[in-house]
Number of protein chains: 2
Amino acid sequence: MTKPYHHGDLRAALLSAAEEIVNRDGIAGLTLRGVARDVGASHAAPKNHFDDLTGLVSELAAVGFNRFADRMQTAAAAQASPTDKLNAIGRAYVEFALAEPGLFQLMFRGERLDKTRPALREAMERAFGTLTGSVAATHAGDPDAARATRAHAARAWSMVHGYAILLLDDRLNPLLDKDAPRADAMALLDDMLMQG
Amino acid sequence: MTKPYHHGDLRAALLSAAEEIVNRDGIAGLTLRGVARDVGASHAAPKNHFDDLTGLVSELAAVGFNRFADRMQTAAAAQASPTDKLNAIGRAYVEFALAEPGLFQLMFRGERLDKTRPALREAMERAFGTLTGSVAATHAGDPDAARATRAHAARAWSMVHGYAILLLDDRLNPLLDKDAPRADAMALLDDMLMQG
DNA sequence: AGCATTAAATTGACAGCGTCAACATTGCAG
DNA sequence: CTGCAATGTTGACGCTGTCAATTTAATGCT
């Protein structure tokens, strides 16, 4: 793969640098100029590949959602029953958030996301479709399946998402082992999935 | 109520203006200079009352969490059984988020919050204590109450919080009535609470 | 091959932002 | 009445996103 331009595949380099920054310094530390600096380009270089900051953030979110969907699908594939698949997806959801906290928060920071971008829209549909599809599979042949599935999907999704968000923001510490909150978090998640 | 200084009760005016801005323009639209402008003060005036942007945001979040706790407690007081109280708290949680979206999101935007500020810490404890206390009340006399309560609290909290967040970010639209998503949202929440 | 066109990247500028230091004004305590 | 502390203002600094103008490289056409 030769360099298609005199600097290299700048677009990929920018996305990669942005991901590193956001997972290291958080969303507040992610700036167009900083990303450009990290790859050795001029401050306005990103403009050619992403129009503006919203563009960069949205494309990075698309990368994140695709990886997110991959993780959930892989986790589900390792299980046999629909219920086990769904629980595995829930665990993968939280594990992804803990593994890539900056990226995860960026993916759900609506204000800087342009959801009409095809790459982002498709990646989101893939990720959320994986989750809602798995919920629907647990209701096969259920009477009043439509209504029950809708509520079940909203419940499962809201639960794992809220848990991930609250966890990343250190809001659940009162409920967790003071000495090893992060390690305890997955044990608590298992208890939660067991109950409901 | 005379003006205690030559401009008035600037601290309260700034907080009030900040709340209006954040609910109108979202978090991105909330700036120190903009708030100062809205109350007719110089751009550095907020420095005297809140040290910096983190200070202003944290104090505003404290106001929000106190109001949040009030709403949940009022809702719970109108119900008789522990289970009804808990469900009422869940509804109040989501209703608050929908009624004051900017403020709600600001309250959970960890990066600009100084949780060591006494006002914020106390307000958060009050709000979350209301919720977890209500969960504990539904487990009175339960065998293995401690473990069950912990998981139940995390589950209830995560669910309503995730639902509120996903709702505010228009992420649940695929599950909601296309013509009136916000109106349908509370109906779906009731279905969710019924199931769980 | 040589030339024109397009894509990619740079430079310089602008306004808005948070923050700090220096200064001015007001209220209050002694 | 006088000095001090609290409260506000002004001006500056570096950072940011964004835009316009310009330069450089790659590609396509004849």
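Student: Where is D170(A) placed?

Tutor: D170(A) lies in the loop between α7 and α8 of chain A. Helices (H or I, at least four residues) and strands (E, at least two) are DSSP runs, numbered from the N terminus. The model is predicted: local features need pLDDT of at least 70 and side-chain atom pairs count only at pLDDT 80 or more, while totals for chains, interfaces and linings use all residues. Residues are numbered from 1 along each chain as its sequence is written, and chains are lettered from A and ligands numbered from 1 in the order in which they are written.

Student: What makes D170(A) exposed?

Tutor: A residue is buried if 20 or more other C-beta atoms, placed from the backbone, lie within 10 Å of its own, exposed if 12 or fewer, and partly exposed in between. D170(A) has 11 other C-beta atoms within 10 Å, so D170(A) is exposed. Phi of D170(A) is near 55°, a positive value in a residue other than glycine.

Student: Why does D144(A) count as exposed?

Tutor: D144(A) has 8 C-beta neighbours inside 10 Å, and therefore counts as exposed. This residue is in the loop between α6 and α7 of chain A, and the phi of D144(A), which is not a glycine, is positive, near 55°.

Student: Why does A136(A) count as partly exposed?

Tutor: A136(A) has 19 C-beta neighbours inside 10 Å, so A136(A) falls in the partly exposed class. A136(A) lies in helix α6 of chain A. For chain A as a whole, 39% of the 196 residues count as buried.

Student: How many helices and strands are there in chain A?

Tutor: Chain A has eight helices and zero strands.

Student: Why are α3(A) and α6(A) called roughly parallel?

Tutor: Two packed helices are described by the angle between their axes and the distance between the axes. Axes are lines fitted to C-alpha atoms, for helices over the stretch in contact, and angles run from 0 to 180 degrees between N-to-C directions. Angles under 35 degrees count as roughly parallel, over 145 as roughly antiparallel, 65 to 115 as roughly perpendicular and the rest as oblique. The axes of α3 (residues 53–77) and α6 (residues 118–137) of chain A come within 8 Å and cross at roughly 25°. The two helices are therefore roughly parallel to each other.

Student: Which classes of residue form the contact of α3(A) with α6(A)?

Tutor: Two residues are in contact if their C-beta atoms, placed from the backbone, lie within 7 Å. Among them, F65(A), F68(A) and M72(A) are on the α3(A) side, and L120(A), M124(A) and L131(A) on the α6(A) side. The residues of this contact divide into 13 nonpolar, five polar and two charged. Here Ala, Val, Leu, Ile, Met, Phe, Trp, Tyr, Cys and Pro count as nonpolar, Asp, Glu, Lys and Arg as charged, and the others, Gly among them, as polar.

Student: What makes α4(A) roughly antiparallel to α8(A)?

Tutor: α4 (residues 82–99) of chain A and α8(A) pack at an angle of about 155°, with their axes 11 Å apart. That angle makes α4(A) roughly antiparallel to α8(A).

Student: Why is α8(A) called roughly perpendicular to α7(B)?

Tutor: The axes of α8(A) and α7 (residues 145–168) of chain B come within 9 Å and cross at roughly 85°. α8(A) is therefore roughly perpendicular to α7(B). Residues including L188(A) and M192(A) of α8(A) and R147(B) and H152(B) of α7(B) make this contact, which divides into four nonpolar, two polar and four charged residues.

Student: How many residues does each chain give to the contact between them?

Tutor: Chain A gives 29 residues and chain B gives 29 residues. α7(A) gives the most to the side of chain A that touches chain B, with 15 residues. By class, that side has 15 nonpolar, eight polar and six charged residues.

Student: How do you know that the copies are related as by a two-fold rotation axis?

Tutor: Two copies of a chain are related by a rotation about an axis and a shift along it. Copies are superposed by least squares on the C-alpha atoms of residues with pLDDT of at least 70 in both. Chain A can be laid on chain B by a turn of 180° and a shift of 0.0 Å along the axis, with an RMSD of 0.0 Å. The two copies are thus related as by a two-fold rotation axis. The same surface serves both copies, as 100% of the contact residues of chain A recur in chain B.
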